[in-house]
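This report describes how two chains meet in a predicted model, and then turns to elements within one of them.

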There are 2 protein chains.
Amino acid sequence: MSLDDISIKVADLHSIGSVDALLNEISTRLARFVAIGETSMIDLKSLPFSPDEYEGLRTSLGRGEASARLETIGDSELYETHYPGVWWVTHYNVEGDVVADLLEIAAVPAILHSQPEDVRDGLERLQHMLVQPK
Amino acid sequence: MSLDDISIKVADLHSIGSVDALLNEISTRLARFVAIGETSMIDLKSLPFSPDEYEGLRTSLGRGEASARLETIGDSELYETHYPGVWWVTHYNVEGDVVADLLEIAAVPAILHSQPEDVRDGLERLQHMLVQPK
């Protein structure tokens, strides 16, 4: 699993200039997800938020029940917000810098899905291990 | 999200008496998942494994990149094994006792998915919050 595996378009939202505008955008997208299952991402780094606004957004969205962690070349931290279907997804590089900070509207973030090619590779490894003499 | 939300049938596998037999069963199921996308669960508590065999299974399956946690009335811990598509899912009650110990063959465990009714409830809460006067 890697950032490259994510095929969902990350929206660029230069027109959104306040936390309230962003919450409205999230509400619109979540309604679309409920209606037709459309998933999407919002790139928080593309928004002109001050640190205070950023913290205000975090407070408004809150934290829900689920959190997850991916340990790859850089780590990724994910949690469901207080609004199910709205996930906060942060990717770090090996130095620990944030390289992507996203809101993802989905039942579960795309990056958490085992990728088909990884599943096939793993299946081959498992089959290979099972035929080895002990 | 709760155990009750899981509609996937949990297999009862009294006939499986060794770690190797279980690994073969996992391999068969993973192949079926690759071929036709069929997901399934294996109830580890239904298997007559000794603590040593249980640890042997854990070692054989290893740990992959992804892990997750659900904090509900009891916690749930999930991690992807060394074989993508094979997840180890453990549910605890409030006292911290294991109430379910499962292997799940899926792209992502069912319990991590935001449930449609929770998403709808959250959307209503968000819409309600956005129309409140500040």
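## Interface between the chains

In this predicted model, 35 residues of chain B are in contact with 35 residues of chain A. On the side of chain B that touches chain A, at least two residues come from each of α1 (19-36), β3 (66-71) and α3 (116-131). The largest share is that of α3(B), with nine residues. Sorted by class, this side of chain B has 18 nonpolar, ten polar and seven charged residues.

## Symmetry

Chain B is superposed on chain A by a rotation of 180 degrees with 0.0 Å of shift along the axis, and the RMSD is 0.0 Å. This is therefore the relation of a two-fold axis. Both copies use the same surface, since 100% of the contact residues of chain B recur in chain A.

Which residue of chain B comes closest to the rotation axis? It is B:A68, whose C-alpha lies at 1.9 Å from the axis.

A hairpin of three residues joins β3(A) to β4(A). A:E71 has A:D75 of β4(A) as its bridge partner.

β4(A) in turn pairs with β5 (residues 86-92) of chain A, where the sense is antiparallel and the bridges number five. Here A:Y79 stands opposite A:W88 of β5(A). The hairpin of β4(A) and β5(A) has five residues between the strands, and in it A:G85 takes a positive phi near 95 degrees.

## Helix packing in chain A

Two packed helices are described by the angle between their axes and the distance between the axes. For α1 (residues 19-36) and α2 (residues 51-61) of chain A, the axes come within 10 Å and cross at roughly 40 degrees. That angle makes α1(A) oblique to α2(A), and the crossing is right-handed.

On α1(A), the contact is made by A:V19, A:L22 and A:L23, and on α2(A) by A:E53, A:G56, A:L57 and A:S60. By class, the residues of this contact are four nonpolar, two polar and one charged.

How values were computed. Residues are numbered from 1 along each chain as its sequence is written. Chains are lettered from A and ligands numbered from 1 in the order in which they are written. This is a predicted model: local features need pLDDT of at least 70, side-chain atom pairs count only at pLDDT 80 or more; totals for chains, interfaces and linings use all residues. Copies are superposed by least squares on the C-alpha atoms of residues with pLDDT of at least 70 in both. Two residues are in contact if their C-beta atoms, placed from the backbone, lie within 7 Å. Helices (H or I, at least four residues) and strands (E, at least two) are DSSP runs, numbered from the N terminus. Ala, Val, Leu, Ile, Met, Phe, Trp, Tyr, Cys and Pro count as nonpolar, Asp, Glu, Lys and Arg as charged, and the others, Gly among them, as polar. Axes are lines fitted to C-alpha atoms, for helices over the stretch in contact, and angles run from 0 to 180 degrees between N-to-C directions. Angles under 35 degrees count as roughly parallel, over 145 as roughly antiparallel, 65 to 115 as roughly perpendicular and the rest as oblique. A crossing is left-handed if the near helix is turned anticlockwise from the far one by less than a right angle, and right-handed if clockwise. Two strands pair if DSSP finds at least two bridges between them.
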